[in-house]
Amino acid sequence: MTVQRFLILIHCLVLMNGTFLFAAEKELTPSFEEKGQLLFFQTDNGSTYSIDWGSNGTFFFKENEKPLLNYHFGAVRLPEEVEIHHFGVGPTVYDGAYFSDGSAFGGERSDYIQPLFGFCGEILTDDFPQDHPHHRGCWLSFCEVRWNEKLGDLWAVCKIRAYPKKITQIKSVRDFESGKNAMQIEVVNVWRYDDDPTEIVEETVTIEVSSTSGEEGQKSRTIDVSAKLKALVEGVSIAGRQKVDYGGYSGMAVRMNPQATDFSIRVVHPKPDQWNGVENSMAERISDPDRFGNASWIAIYGKYPCSTFNEKAKENSNENNQPDNEATNLSQTADTTDSSKGDFTTLGMFESVNNPLYPNQFRYYSSRNIMIAFPGFSTLALPKDETVLFQTRFWLRQGKTTLDEEKQAWDEYQESISQRKF
């Protein structure tokens, strides 16, 4: 299906509450050879919002022509400058935590956000880092994906991968009363093992990006990511990295830009486990249920180079002024301004209280890989044709936020979840 045909299927509605809605009227199969604009609207104050479609299946979210984030629905290839990694070789195929058969990992992948941009176009996240080439922007994955006797590592992109299936929705919602706007896509990915064409899990991903609000110095916006996992066969389960870090890592993760200065994080959790972190100096750990109840969040602080995207985009843009989706590790290659001259940007990570196993534990490392470690040490069965829903909000805010500001943002997210229907 070409983009031209896709655009014909977009229609608009004005709802009873004054909300203006653009939506696709049926499921669509995208073309990965086409480029174009899928959605555009302009508000009364002149602000513009758009979702562009790039070759190889990338969604480009923009506000006033400035990038907000890219979501890679199609495959992103391993850059030439990044060497593929291999697991070690041992007496067994799997040692209980990692493959030990020499398998390659961290190559071609899809189904992730990269880059996530700040308020002046700065790149907040990284992709294909040399130390962990499987780390990728903002992504949801699991170190163990089992189907009966088969095992794959979706986190490391080893023996299993997510593949794009279809686009089910593109819409823009404008609330005339509050003045808030948002753009939303819904897509379906399927998981398949490298040696078997069977689709074992259907993953429906919804990404909603809000408009920027607030005065200069206190601007904010949100990115809500919802993943619905439905097993298509019997005998599927997911788990985090076993025998590592008291249940180890998995779930919703970010890999932050290595060029950020004054980098630190704060983690708030009502019931932290015995893992103390490998870089205690990087993290402030708070557990105060009397003050924060069951609230659980991560706040990531740093000063990021502000000119990264604009300069690189000029060099690598295509005819629609969209960078090729292979060039996702721009934070390592672009000429940038001195980040120490800028102010802080805060990235908050909130999970819904309705998520399975809430509150999930946190893991964070000196590599700047930070995550909500779902399902951690637990093995979570995915019964056939039943849905498991995992919801996360990424909250962007200018400046270095306070505990009270973070708690208020967490409260606002939970309230929005109670009113949301995915």
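User: In which loop does P375 lie?

Analyst: P375 lies in the loop between strand 26 and strand 27; strands (E, at least two residues) and helices (H or I, at least four) are DSSP runs numbered from the N terminus. The model is predicted, with local features needing pLDDT of at least 70 and side-chain atom pairs counting only at pLDDT 80 or more, whereas totals for chains, interfaces and linings use all residues. Residues are numbered from 1 along each chain as its sequence is written, and side-chain values use heavy atoms, with hydrogens and water left out.

User: What kind of peptide bond joins F374 and P375, cis or trans?

Analyst: The bond between F374 and P375 is cis, with omega at about -5 degrees. A cis peptide bond also joins Y358 and P359, where omega is about -5 degrees, and P359 is placed in the loop between strand 24 (345-351) and strand 25. Most peptide bonds are trans.

User: What makes both faces of strand 26 count as covered?

Analyst: Strand 26 (residues 369-372) has N369 and M371 on one side and I370 and I372 on the other, and all of these are buried, a term that requires under 20% relative accessible area, while exposed requires over 50% and partly exposed lies in between (1.4 Å probe, protein chains only). In a regular strand the side chains alternate between the two faces of the sheet.

User: How many bridges are there between strand 20 and strand 26?

Analyst: Strand 20 (residues 251-255) and strand 26 are joined in the antiparallel sense by four bridges, and they count as paired because DSSP must find at least two bridges between two strands. M252 has I372 of strand 26 as its bridge partner. Strand 25 (residues 362-364) runs antiparallel to strand 26, with three bridges, and I372 is likewise the bridge partner of F362. Strands 25 and 26 form a hairpin with four residues between them, and R368 in the turn has a positive phi of about 70 degrees.

User: What is the order of the strands in the open sheet of four?

Analyst: The order is 14-13-19-27, with antiparallel pairing. Strand 14 (150-152) and strand 27 (379-382) each have a single partner strand, so they stand at the edges, and one side of each lacks a neighbour in the sheet. From one strand to the next the twist averages 20 degrees, an angle taken between N-to-C directions on a scale from 0 to 180 degrees, with axes fitted to C-alpha atoms. Strand 19 (residues 236-239) and strand 27 run antiparallel and are joined by four bridges, with S237 opposite A381.

User: Why does V157 count as buried?

Analyst: The relative accessibility of V157 is 11%, so V157 counts as buried. V157 lies in the loop between strand 14 and strand 15 (160-175), and its phi is positive, about 55 degrees, although it is not a glycine. Most residues other than glycine have a negative phi. E65, in the loop between strand 5 (58-63) and strand 6 (66-72), also has a positive phi, near 65 degrees.

User: What should the 17 residues of helix 4 span at 1.5 Å a residue?

Analyst: Helix 4 (residues 403-419) should span 24 Å, and its end C-alpha atoms are 25 Å apart, which agrees; the expected value is 1.5 Å times one less than the number of residues. The buried residues of helix 4 include L403, W410, Y413 and I417. S418 also lies in helix 4, but at a relative accessible area of 59% S418 is exposed.

User: Which members of the largest nonpolar core touch the most other members?

Analyst: F59, W191 and I300 do so, among the 91 residues of that core, which is a set of buried Ala, Val, Leu, Ile, Met, Phe, Trp, Tyr and Cys residues joined through side-chain atoms within 4.5 Å. A second, separate core of 16 residues includes V268, I286, F344 and F350. Leaving aside neighbours within four places in sequence, F59 is in contact with residues including L38, W53, Y71, I167 and V187, contact being heavy atoms within 4.5 Å.

User: How many of the 422 residues of the protein chain, as a percentage, count as buried?

Analyst: Of the 422 residues, 60% count as buried, in a protein chain with four helices and 28 strands. Among contacts with a separation of 6 or more, 68% come from residues 24 or more positions apart.
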